[in-house]
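Subject: Handing over a structure

Hello,

Please have a look at it first, then read on.

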Amino acid sequence: MERRTIGAAALSVGAVGLGCMPMSWAYSGSRQRGDESLRAVHRALDLGSTLLDTADMYGPFTNELLVGRVLKERREDAFVSTKVGLLVGEQHVVANGRPGYVKRACDASLRRLQTDYIDLYQLHRADPEVPVEETWGAMAELVQTGKVRALGLCAVGARAGRRPGARLHDATIRQLQRVQQVFPVSAVQAELSVWSVEALEALLPWCEARGVGFLTAMPLGNGFLTGTLTPGEGFEPDDVRARHPRFTAEMMAANQPIVAGLRRVAQRHGEDVTPAQVALAWVLAQGRHVVAVPGAKQERWASENAAATGVRLTVQDLAEVAQLPGAQGSWD
């Protein structure tokens with residue numbers, strides 16, 4: 001697989017990584033099977049999808065435990081990204097950025113992951129009660145002690161709560177400017193996909209100008225851009241899409257022209273090329289510092305996603321994708 005270098009520390013990873021969250025959290029609990037997920041992680045590593053993205057809150061904790069079972073056998077094959085800063089309670093999630101907590105959480109993640117170090121430790125969300133510089137300083141100390149190799153920041157992404165007239169990622173850029181004064185940011189993780197392009201306006205250029213890697217969350221639009229979801233089929237109650245305005249039957253039907261456009265491009269590249277692979281290839285075409293991190297919990301999806309690095313979109317392809325209709329329905 002094509003390799004990409006991110007951050008000042010020149011970290012090398014496969015251009016397509018593996019988002020491990022769906023294996024334990026947020027998507028269709030009845031379809032989460034540990035052994036099947038383990039096979040998916042092994043398959044991803046076999047194909048060069050070295051970046052494994054997890055977080056302590058996924059499960060909570062069970063996702064790191066699952067990834068740890070693979071790392072125990074194949075630590076040298078993997079680039080491990082996990083996150084800190086969010087606590088899961090009954091029906092709610094709260095931020096905790098206190099320095100003491102960050103250090104304890106890192107030690108707990110190391111135990112669950114069965115490793116001596118984390119390649120990329122990301123701040124999931126800043127704690128509004130703690131200056132972000134203090135949280136970041138504690139994370140920087142983890143680098144200095146050898147428990148962590150590099151630091152990353154997850155985008156704020158609060159669409160509904162942003163200031164009037166502000167761009168989606170303005171708050172994230174302000175955070176980045178603050179923490180960059182404390183310790184270098186190696187990567188930013190934020191949503192970017194064919195139907196969610198806001199990061200192209202300011203956040204992606206900010207990263208590119210500073211050599212900061214960009215890890216794309218939800219590059220397949222929570223599965224919609226794969227073309228495998230049927231409008232009106234519904235989702236299990238524990239699936240985040242069951243409560244998502246863009247995944248109502250009406251909105252899924254209205255956004256089918258986006259998938260149809262991806263399918264047209266795919267057909268030009270061969271019978272075996274899928275809309276999902278075109279969607280990932282589009283993400284990768286946005287810059288050499290961009291790494292796609294699609295979620296998957298089955299071997300076949302991990303394999304299909306990894307193969308997207310072989311799809312080279314032409315100028316015509318990119319122009320056609322750019323002309324696709326904008327997504328309908330709220331994304332809040």
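This is a predicted model: local features need pLDDT of at least 70, side-chain atom pairs count only at pLDDT 80 or more; totals for chains, interfaces and linings use all residues.

Residues are numbered from 1 along each chain as its sequence is written, and side-chain values use heavy atoms, with hydrogens and water left out.

Let's start with Gln-189, which sits in strand 10 (residues 187–191); helices (H or I, at least four residues) and strands (E, at least two) are DSSP runs, numbered from the N terminus. Leaving aside neighbours within four places in sequence, Gln-189 is in contact with Asp-53, Lys-83, Gln-122, Leu-153, Cys-154, Ala-155, Leu-215 and Ala-217. With Asp-53 there is a side-chain to side-chain polar contact at 3.5 Å (a pair of N or O atoms within 3.5 Å; within protein, one must be able to donate a hydrogen and the other to accept it, and residues adjacent in sequence count only if both atoms are side-chain atoms). Gln-189 counts as buried because its relative accessibility is 8% (buried is under 20% relative accessible area, exposed over 50%, partly exposed in between, with a 1.4 Å probe and protein chains only).

Arg-4, in strand 1 (residues 3–6), is also worth a visit. Its relative accessibility is 4%, so Arg-4 counts as buried. A polar atom of the Arg-4 side chain lies 2.8 Å from the backbone oxygen of Gly-287. Beyond four places in sequence, the residues that Arg-4 touches include Leu-11, Val-13, Leu-284 and Val-291.

Next comes helix 3 (residues 99–113). Its 15 residues should span 21 Å at 1.5 Å a residue, and the end C-alpha atoms are 21 Å apart, which agrees; the expected span is 1.5 Å times one less than the number of residues. Among the buried residues of helix 3 are Tyr-101, Cys-106 and Arg-112. The buried residues of helix 3 pack against several elements, including helix 2 (62–74), strand 8 (118–123) and helix 4 (132–144). Just after helix 3, Gln-114 takes a positive phi of about 55 degrees.

Finally, in helix 10 (residues 299–306), Ala-302, Glu-304, Asn-305 and Ala-306 are buried. The buried residues of helix 10 pack against helix 1 (34–46) and helix 9 (275–284).

Enjoy exploring!

Note on methods. Contact means heavy atoms within 4.5 Å.
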